[in-house]
Amino acid sequence: QDLSLPNGTPVETSSPASSSSLLNRLQLDDDLDGETRDLFVTVDDPKKHVCTMETYITYRVTTKTTRAEFDLPEYSVRRRYQDFDWLRNKLEESQPTHLIPPLPEKFVVKGVVDRFSEEFVETRRKALDKFLKRITDHPVLSFNEHFNVFLTAKDLNAYKKQGMALLSKVGESVKYVTGGYKLRSRPLEFAAMGEYLDTFSLKLGTIDRIAQRIIKEQLEYLVELREYGPVYSTWGGLEVELSEPLEGVSACIGNCCTALEELSEDMTEDFLPVLREYILYSESMKNVLKKRDQVQAEYEAKLEAVALKKEDRPKVPTDVEKCQDRVECFNADLKADMERWQNNKRQDFRQLLMGMADKNIQYYEKCLTAWESIIPLLQDKPETK
């Protein structure tokens, strides 16, 4: 049975018949708290476009919905990476109090030379799909007008050139100009949040570096194994009496090669991207925290300005009250998004680590089976006289 993350990403599990399948014993008890989905978005079907000036990849974005904000129940549009980047920038502008999910890095990831290779394109497709699913699951971002346009506009470039006349008002109404105010000190809960994010990103960065080193060493070992196995086969051709067991050892090493290659691919395609996404996620959360600090600093500065004035005013000026409202809005949205992020993180990493354990167990089981298979070839052989 397939499991799904809270963002809707399917997670493949091992066969129930496998004794090593940890995922089959995993119970997801933190789902959507009974929420009913009314918006489904997927990213698939990457296509390469070769033009005179540039070469690029587009992805099909399919939307199915019952929301009244959409004119049709289903849409299918094609978007390239820069369109996803445009969407994220617009969400940051119009929803500054909320955590915007990160995009995969624009440039080629370390170790990948060809950004048009099938492996790189598929890794990016998965990341873009997860990006949109995280927005779709958000109770505020999923109703953003820019997101609606991204999902439905046939020609997004034409829409961008129009200057976003209607939607720009949304962004302008919530842009905060801090004027260089400095915050005295963060409230304790947000100071603790900042310390946690610093530590979390530091630890993940260390794990990412070590994991990459492990994968590099595995691949180097794989090269040696591929040279090592055929030697036994060649030797078997010279030793008639030993040919069968030597061929068995060669085949065994070949099976171990295949198992190690699969393990390395799983680490590269499934493990590392999640680490990198959460490193970027923590940076996004830090940026929202900084914006919150700036608004609080502006509020404190305005309060001081009012206190220094000699005039006796019966009530606080309206602009100070508005600034206080922005601080409270920021605090509420940031805490809600932090809680949602922590829930997603708990689920994602539980799936990730359980999957990693399962893949490692399968790897060693395959190696054990391969070596056990040649034992009969070495036993109970009649002695030659």
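How much space lies in the largest cavity? About 50 Å³ of space lies in the largest cavity of this structure, which is a predicted model in which local features need pLDDT of at least 70, side-chain atom pairs count only at pLDDT 80 or more, and totals for chains, interfaces and linings use all residues. Residues are numbered from 1 along each chain as its sequence is written, and side-chain values use heavy atoms, with hydrogens and water left out. The chain holds nine helices and five strands, where helices (H or I, at least four residues) and strands (E, at least two) are DSSP runs numbered from the N terminus.

**Overall layout**

- Read from the N terminus on, the elements of the chain run β-β-β-β-β-α-α-α-α-α-α-α-α-α.
- Of the 385 residues in the chain, 42% are buried, a word that stands for under 20% relative accessible area, while exposed stands for over 50% and partly exposed for values in between (1.4 Å probe, protein chains only).
- Among contacts (heavy atoms within 4.5 Å) between residues at least 6 apart in sequence, 74% join residues at least 24 apart.

**Nonpolar cores**

- In soluble globular proteins, nonpolar side chains tend to be buried together.
- A nonpolar core is a set of buried Ala, Val, Leu, Ile, Met, Phe, Trp, Tyr and Cys residues joined through side-chain atoms within 4.5 Å.
- The largest nonpolar core has 30 residues, of which Tyr278 and Trp341 touch the most other members.
- Helices α6 (188-238), α7 (243-308) and α8 (318-373) each supply at least two residues of this core, and the largest share, 13 residues, comes from α7.
- Leaving aside neighbours within four places in sequence, tyrosine 278 is in contact with Arg134, Phe200, Leu204, Trp341, Asn344, Lys345, Asp348 and Phe349.
- A second, separate core of 29 residues includes Val41, Ile57, Phe70 and Phe84.

**Aromatic rings and charges**

- Across the whole structure there are 14 aromatic pairs, counted when rings of Phe, Tyr and Trp (its six-membered ring) have centres within 6.5 Å, with planes under 30 degrees apart called stacked, over 60 edge-to-face and the rest tilted.
- The ring centres of tyrosine 232 and tryptophan 235 are 6.3 Å apart and their planes are at 40 degrees, so this pair is tilted.
- Both of these residues, tyrosine 232 and tryptophan 235, lie in helix α6, three residues apart, which is about one turn of the helix.
- Tyrosine 232 is buried, because its relative accessible area is 18%, whereas tryptophan 235, at 39% relative accessibility, counts as partly exposed.
- One aromatic cluster is formed by Tyr196, Phe200, Tyr278, Tyr281, Trp341 and Phe349.
- A charge sits over a ring if NZ of Lys or CZ of Arg is within 6 Å of the ring centre and within 35 degrees of the ring normal.
- The charged end of arginine 67 sits over the ring of phenylalanine 143, 3.8 Å from its centre, and the charged end of arginine 292 sits over the ring of phenylalanine 190, 4.4 Å from its centre.

**The cavity**

- The structure holds one cavity of 30 Å³ or more, a cavity being a set of points on a 1 Å grid over the protein atoms alone where a 1.4 Å probe fits but cannot get out.
- Grid points are joined across faces, edges and corners, and the volume is the space filled by probe spheres set on the points.
- The residues that line the largest cavity, which have an atom within 4 Å of a point, are Arg88, Glu92, Gln95, Pro96, His98, Ile100, Ser284, Asn287, Val288 and Lys291.
- Helices α1 (81-94) and α7 are the elements that give two or more residues to this lining, and α7 gives the largest share, four residues.

**Individual residues**

- Valine 77 is in strand β5 (residues 74-80) and, at 4% relative accessibility, counts as buried.
- Although valine 77 and alanine 153 are 76 residues apart along the chain, their C-alpha atoms are separated by 7.4 Å.
- Glutamine 218 is in helix α6 and is buried, with a relative accessible area of 15%.
- Most residues other than glycine have a negative phi.
- Aspartate 45, found in strand β3 (residues 39-50), has a positive phi of about 50 degrees although it is not a glycine.

Note on methods:
1 Å grid on protein atoms, 1.4 Å probe; cavity = no way out; pocket = protein on both sides within 12 Å on 5 of 7 lines; lining within 4 Å.
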